[in-house]
Amino acid sequence: MGHTIAEKILGKHAGGKAAKAGEIVVADVDFAMIHDARAGNALKMIEKLGAKSLPYVKRTALVLDHYSPPPNMEAANTHVEMRAFADKHDSPIYDVGDGICHQVLPEGGHLTCGDLVVGTDTHSTTYGAFNAFGTGVEGTDVSAVMMTGKLWFRVPETIHIELKGALQPGVWAKDVTLTMLGRLGAEGANYQALEYAGSGVAAMAIDDRMTLSNHAAELGAKAAILEADEKTLAWLKAHGAAAPKPVKADVDAVYTQRIVIDTATLAPQVARQHHIDDIASVPDVAGQKIQVALIGTCTNGRLDDIRQAAAILKGRKLARGVRMIVTPASRAIYLAAMREGLFEILTAAGASVEAAGCGTCVNITGHYIAGDDQVVISSANRNFKGRLGNPKSEIWIGSAATVAASALTGVITDARTVAGGDWRAAA
Amino acid sequence: MNIIKGGARVLGDDVSTDIHCSSKYLPGKNTEQIAAVAYEQLVPGFAQGFVKGDLIVAGRNFGINSSREQAVHIMHRMGVAAIVAPSFGRQFFRNAINNGLTVIECDTAGISAGDVIEIDPSSGRVTVAARGITRTVPPLPAAVQALLAAGGLIPFLQQHPDWNLKELAA
Ligand code: SF4
């Protein structure tokens, strides 16, 4: 009987051969992350543990991204504590404006194919785009990793998802995940790992693949792992990652479910207000009015998202009454977008650009994005009532292409119907 | 592990512990204040009527979307002895074990508030004698039992910095 990628990575890190789904293993963790929204708890747990030394602390990055910049004194003081901790232990730190944890970890070369990575955040599944097992944990877990370098895991069952065919221009990985959410429901993959494979994945650029792994968190997935290919290896090399140890699933690996999505014919999708699994095809809801357009977050605040938005808004203006905010996912993306002239295009069109970080993702960052009865279209990952501070507003979720096309027209719009909507990332 | 026996306090499906039992959406509130109003919007008077040693009996996906282990700390303060539900949110399940709160995945149909419920984590047996209910689920893995018996991951590591889960559970 063969093994999945999750079984192989966890088994190998537990010092043996592949593990079996359902088993509990104690595995060596390659890298860990604590972000500012959970640092208060994590630092408390480290203190409670009372370890004489923290031999693995240098493999834990501290990231100041949620409260970026801090919206209150408490958050500012958490940042002070985090900086002091990083200084004391000489651990990597990403300060305000450096970017979102899930973007800066891969960009910083902290992980590679075959690694086991944990972070105090549900979207730690993002690292699966690089053929790593990435998963979300809590402060107690990270304190254990700092002290012992190890953590316990229940080896998850895996769902195999084959993406058949390259996405059309104007259609993105976001639309694939929204399709999956429509099929399985939010948390429909609870406890399980996902493996995305097929020609649809092969055709995707790394930015888009990161969306696939990141957004799996909304499906409740514990990890969402892709096989490595030339693009993965080139990206990792360019970012200074350690030598990759790519892991493939066996042909006779056991999956709980096999799903095939015809990605070649997929239309753009949106999640309607309040429920991330209330999915509609964009052509079916085109014409729904919007007042706020947001591009950013760890799901879709990457360079290709900003490029796509700029391609649509080049030489044009936002529709009257529409407000648009663009928040790059990291400083590196911010710099690249600036150098490419994308911010000039977006600013001239009427959008505002914010410093890199979690920005407009959730109200804890200090943002109150929308007034009563306003409709937001966002490239973020969650849209429950009140996520942006005002329970009387609505949040719809779509790709950066859908967000930009909608900002241009003032109504939810299929990017394939507007000029520039066919921009394609160089694969 | 010891048998746990207590009164059932019932909650429904898809309970988000972040919303109803943590500071995530009750900013500025401390553990004690939240423990006093936990699940109030779902079952008025839930926390007031909670007796130390009661068990929470819930529907599917208990603790969904809940990433914060603080929710478990609040449940300890309330005196929750264990939680029985057909399924749990992934992160909540992990946080419960890491913080020494027993969680059992078992069908809870037919169990009502106030029923005396008995669980045996080692054999996976859940009993409500007065209703003639006996259900058996796979026992908790030995490693999880070891963590729970120690009172959670931190006390476990304080005693066993070498992570010897296997020997301990045997
Ligand atoms: S961008 Fe949003 S979802 Fe991503 S880590 Fe930040 S707050 Fe969480």
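## Close-up views of a two-chain predicted model

**Figure 1. Helix α5 of chain B is mostly covered.** In α5(B), the buried residues are B:A143, B:V144, B:Q145, B:A146, B:L147, B:L148 and B:A150. Buried means under 20% relative accessible area, exposed means over 50%, and partly exposed lies in between (1.4 Å probe, protein chains only). Just after α5(B), B:G151 takes a positive phi of about 100 degrees. Helices (H or I, at least four residues) and strands (E, at least two) are DSSP runs, numbered from the N terminus. An α-helix has 3.6 residues a turn, so residues three or four places apart point the same way.

This is a predicted model, in which local features need pLDDT of at least 70, side-chain atom pairs count only at pLDDT 80 or more, and totals for chains, interfaces and linings use all residues. Residues are numbered from 1 along each chain as its sequence is written, chains are lettered from A and ligands numbered from 1 in the order in which they are written, and side-chain values use heavy atoms, with hydrogens and water left out.

**Figure 2. A salt bridge crosses between the chains, from B:R94 to A:D141.** The closest N and O atoms of B:R94 and A:D141 are 2.9 Å apart. B:R94 sits in helix α4 (residues 90-98) of chain B, and A:D141 sits in helix α5 (residues 139-148) of chain A. A salt bridge is a side-chain nitrogen of Lys or Arg within 4 Å of a carboxyl oxygen of Asp or Glu. B:R94 counts as buried because its relative accessibility is 5%. A:D141 has 0% relative accessibility, so A:D141 counts as buried too. Over all chains, the count comes to 21 salt bridges.

**Figure 3. A:D95 forms a salt bridge with A:R83.** Their closest N and O atoms are 2.7 Å apart. The pair links distant parts of the chain, 12 residues apart. A:D95 lies in the loop between β4 (93-94) and α4 (101-107) of chain A, while A:R83 lies in helix α3 (residues 73-89). A:D95 has 25% relative accessibility, so A:D95 counts as partly exposed. A:R83 counts as partly exposed because its relative accessibility is 30%.

**Figure 4. A:R209 forms a salt bridge with A:D229.** The closest N and O atoms of this pair are 2.7 Å apart. A:R209 belongs to helix α8 (residues 206-214) of chain A. A:D229 belongs to the loop between β10 (223-226) and α9 (230-238), and the two residues are 20 residues apart. A:R209 is buried, with 1% relative accessibility. A:D229 is partly exposed, with a relative accessible area of 25%.

**Figure 5. A:D304, A:R307 and A:E340 are linked in a network of salt bridges.** Look for these three side chains in chain A.

**Figure 6. A:T402 and A:T413 touch each other.** A:T402 lies in helix α15 of chain A. A:T413 lies in the segment after α15 (400-409). At 0% relative accessibility, A:T402 counts as buried. A:T413 counts as buried as well, at 8%. Contact means heavy atoms within 4.5 Å. Leaving out residues up to four places away in sequence, A:T402 touches A:P268, A:V270, A:V282, A:I377, A:T413 and A:A415. With that same exclusion, A:T413 touches A:V282, A:T402, A:A405, A:S406 and A:V418. A:T402 and A:D414 are 12 residues apart in sequence, but 6.1 Å apart in space, C-alpha to C-alpha.

**Figure 7. Chain B has 7 helices and 7 strands.** From the N terminus on, its elements run β-α-α-β-α-β-α-β-β-β-β-α-α-α. The C-alpha trace of chain B spans about 45 × 45 × 25 Å along its principal axes. Of its 170 residues, 56% are buried. Take contacts in chain B between residues at least 6 apart in sequence: 62% of them join residues at least 24 apart.

**Figure 8. Chain A has 15 helices and 18 strands.** Its C-alpha trace spans about 60 × 55 × 40 Å along its principal axes. Buried residues make up 63% of its 427 residues. Among contacts in chain A between residues at least 6 apart in sequence, 77% join residues at least 24 apart.
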